[in-house]
Amino acid sequence: MAESKERHAVHPRTAVLTRGFDPSLSLGSARPAVFRSSTYVFSSPEAAEQAFNILGGRAQAAPGESVDLVYSRFSHPNAEILEDQIVPLERGAQAAAAFNSGMAAIMTALLTFAQPGDTIVYNVPVYGGTQHLIEDFLEPWGIKAIAAIAGDGDGLDRVIAEAENLSVVFLETPANPTLVMTDLRRAADAVERRVAAGKSRPVLIVDNTFLGPAFQHPLRLGCDIVLYSATKYLSGFSDLLAGVALAADPALIRKMKSKRGLFGNILPPDECWMLNQRLPTVGLRMNRQSKNAQRIAESLASHKAIRKVYYPTLFDDAEQKRIYEKQCDYPGAIVSIDLKGGRPAAFDFLRKLQVAYNAVSLGSVETLVCHPKSTTHSGFTEEEWATAGITDGLVRISVGIEDWRDLLADFEQALEGLPVEAPASEQESGTRV
Ligand SMILES: *Cc1c(COP(=O)(O)O)cnc(C)c1O
């Protein structure tokens, strides 16, 4: 939507409530109306022609020019309002595109910037859907994919330097579910060194679902595109599927929108409206969730039924600590716990929960707990489980906005009576499970 007037620069929390939406275009309504129309009436045949020229990339809109809407698969008012209002939440962003799921944003980014014959580099573990898309669709389709193991900064530097025809570097950090972090500035520097050596410049894409937009700012660290499953923290209520892409360079978003028009995976008007309503509270929710999670993680760290708590403020690896402190404003709301009693203990724990829900997904106001090995990561091979640190006793907790004392009490009662040492067989063989 066109901005009604120039205003002074304001902070993101203010901009999300005051920018990108002009009440006069919604009959004076203080919050946006929903525009469900699939097609739009042109103001003149010339305006229709100009709108198609811009859509087709044959013309560029002049600054301040108002361009007629065409057809809702390309764009619609609620997508434009959402896209304008989300930009200030992502530091460094100048443009955004809304998609009908996180996977739609990821797929569209990869298919926009990588063609058969190209190479992409991605870190593992990565979201399961992303891994399937890369291994079961993009690779058979002719895109070479090289996996770099999260936490191995030297390995990532090396593949970025050496890969032939590299067109995309796709990173997700922190890794799910053990929160291993990848140094984004270091990856961006590796891309610059590659370009300085005369090789192709890959687009550096970051899935920022776990810590953004509140706590991690990849565009400020030299990354090109930030992607979200807006299904998670951005929407925050487990009642909406959506995805978003943001970039500092509007040309990258224009290219993705052009593919979005072909794929037909734009977020529809009602969902755009819902997601837009959630944006002003994402910072409030994430702050409360992160504070709750930190209190719970630190309280559980010494519990005798727990082998290890995975949480950024409890990192013991010096390099991981360094990345966390440099890259993230707050630790976030995902806590994973590894139970000494393995799978039976994990299942008992899940069965006994009375406040938290046993469900996949994350980022919602209610607390969600799952057993990754038998659910979100059940498709992994033994080797992939070992690399990703996914053990039989691992439980992932996405902490909500409930009173943290009730959550801690719920977890403590669910831990009662669970084994306080690993089964003898494991201790003898010394396997790290
Ligand atoms: C959930 C998730 C996705 C996929 O998003 P959908 O909205 O379910 O399509 C991608 N990346 C991460 C990190 C996720 O957690």
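## Ligand surroundings

Around the ligand there are 14 residues, of which Met103, Asp207, Ser229, Thr231 and Lys232 come nearest; a residue is near a molecule if one of its heavy atoms lies within 4 Å of it. The model is predicted: local features need pLDDT of at least 70, side-chain atom pairs count only at pLDDT 80 or more, and totals for chains, interfaces and linings use all residues. Residues are numbered from 1 along each chain as its sequence is written, and side-chain values use heavy atoms, with hydrogens and water left out.

| Residue | Protein atom | Ligand atom | Distance |
|---|---|---|---|
| Gly102 | polar backbone atom | oxygen | 2.9 Å |
| Met103 | backbone N or O atom | oxygen | 2.8 Å |
| Thr231 | polar side-chain atom | oxygen | 2.6 Å |

## Helix packing

Helices (DSSP runs of H or I, at least four residues) and strands (E, at least two) are numbered from the N terminus. Axes are lines fitted to C-alpha atoms, for helices over the stretch in contact, and angles run from 0 to 180 degrees between N-to-C directions.

Helix 4 (residues 102-113) packs on helix 5 (residues 128-138) at an angle of about 40°, and their axes are 10 Å apart. The two are therefore oblique to each other; angles under 35 degrees count as roughly parallel, over 145 as roughly antiparallel, 65 to 115 as roughly perpendicular and the rest as oblique. Contact (heavy atoms within 4.5 Å) involves Met103, Ile106, Met107, Leu110 and Leu111 of helix 4, and Gly129, Thr130, Leu133, Ile134, Phe137 and Leu138 of helix 5. By class, these residues are nine nonpolar, two polar and no charged, with Gly counted as polar.

Helix 6 and helix 7 pack at about 30°, with axes 9 Å apart. That makes helix 6 roughly parallel to helix 7. Among the contact residues are Asp154, Asp157 and Glu162 of helix 6 and Arg186, Arg193 and Arg194 of helix 7. This contact divides into six nonpolar, one polar and six charged residues.

## Backbone geometry

A cis peptide bond with omega of about 0° joins Thr173 and Pro174. Pro174 is in the loop between strand 4 (166-172) and helix 7 (184-196). The bond from Gly212 to Pro213 is cis, with omega near -5°, and Pro213 is in the loop between strand 5 (203-207) and strand 6 (225-229). Asn165, although not a glycine, has a positive phi of about 50°; Asn165 lies in the loop between helix 6 (153-162) and strand 4.

How values were computed:
Polar contact = N/O pair within 3.5 Å; in protein donor to acceptor, adjacent residues only side chain to side chain.
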